[in-house]
Amino acid sequence: AAMAARCRLAARFHHTHGANIRLDASRTQATRVESFANGLCFSQEPLAPGQIFLVEIEEKELGWCGHLRLGLTAHDPQSLEVVPEYSLPDLVNMGDTWVFAITRNHNRVVVEGEEARARGRPWEPFLLIERVRIPRDTLVGRSRPGRYSHILDDLFKTNVLPATARRSRIGVLYALQPDGTADMHIVINGEDMGPSARGLPATRPLYAVIDVFASTKSVRVIPVDYGFPSLQTLCRLVIQKHIVHRLAIDGLDLPPLLKSFCQHE
């Protein structure tokens with residue numbers, strides 16, 4: 001309950017941001033209004049261990065090369081005299097910052113000598129990251145029928161969008177380790193990419209970094225409820241587990257509202 005309350009309060013952007021960023025009145029939407037750079041944003045507060053800062057890509061912009069970048073920093077945004085133009089390399093070069101670019105083929109990071117952990121099945125209701133358990137449903141970006149190209153029919157079997165697509169959801173968190181440090185994890189549409197950085201100073205406040213860069217034009221913070229999934233959500237997970245094509249939902253004997261919920265959201 002304490003984690004849920006904290007996450008709802010922290011699901012906003014910090015008032016300190018890049019020169020080309022405009023926040024809406026709620027500070028939950030960040031839009032880059034010019035150029036392709038100066039798009040840095042930060043979480044309003046430092047993250048707690050296991051607390052994910054999740055954003056959804058709301059708008060793309062053609063003509064630029066590159067995508068969203070995100071990670072963590074131990075720098076208090078309030079203390080920055082000037083917000084760097086880029087997260088990579090500018091903010092990272094300031095030290096105590098760990099940022100990665102999200103690509104179309106972003107995969108989990110496997111440390112040499114360590115076997116990749118088995119991936120959780122996409123219909124499991126919770127994502128487990130070490131001792132952290134997060135309801136998966138909120139983490140997964142979903143398409144709307146007819147809104148995207150032919151690639152979505154196959155992707156709908158796992159209900160996952162490409163990492164850089166509009167409506168894709170990407171988040172960052174850190175997990176405490178026995179030695180007192182932390183591992184940073186990036187989560188893309190409900191899948192843990194594994195430790196992207198290790199040895200973070202868990203004793204220092206760590207803020208989320210979101211760089212609205214290049215082809216990513218606008219993102220929105222998605223609040224994550226750490227409670228139990230709703231009955232409606234559990235029904236959708238079971239239905240999607242057993243269908244072979246999204247259009248098959250139309251032929252099921254289900255209430256219209258539940259059909260819409262399974263197909264569109």
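Start by selecting Phe36, Trp64, Tyr86 and Phe213, which form one aromatic cluster. Rings of Phe, Tyr and Trp (its six-membered ring) pair here if their centres lie within 6.5 Å; planes under 30 degrees apart count as stacked, over 60 as edge-to-face and the rest as tilted. This is a predicted model, in which local features need pLDDT of at least 70 and side-chain atom pairs count only at pLDDT 80 or more, while totals for chains, interfaces and linings use all residues. Residues are numbered from 1 along each chain as its sequence is written, and side-chain values use heavy atoms, with hydrogens and water left out.

Zoom in on Phe36 and Trp64: their ring centres are 5.0 Å apart and their planes at 40°, so this pair is tilted. Phe36 sits in the loop between β2 (29-32) and β3 (40-42) and Trp64 in the loop between β4 and β5, so the pair ties together parts 28 residues apart in sequence. Strands (E, at least two residues) and helices (H or I, at least four) are DSSP runs, numbered from the N terminus. Phe36 is partly exposed, at 28% relative accessible area, and Trp64 is partly exposed too, at 35%. Here buried means under 20% relative accessible area, exposed over 50% and partly exposed in between, with a 1.4 Å probe and protein chains only.

Next, pick Tyr86 and Phe213, an edge-to-face pair with 6.2 Å from centre to centre and 70° between the planes. Tyr86 lies in the loop between β5 and α2 (87-93) and Phe213 in the loop between β12 and β13, 127 residues apart. Both Tyr86 and Phe213 are buried.

Now colour β13, where five of the six residues are buried. β13 pairs with β2 in the antiparallel sense over three bridges; strands pair if DSSP finds at least two bridges between them. Show Ala30 and its bridge partner Val219. β4 also runs antiparallel to β13, joined by five bridges, and Lys60 has Thr216 as its partner there.

Finally, turn to the largest nonpolar core, where Phe13, Phe53, Ile210 and Val219 touch the most other members of its 33 residues. Such a core is a set of buried Ala, Val, Leu, Ile, Met, Phe, Trp, Tyr and Cys residues joined through side-chain atoms within 4.5 Å.
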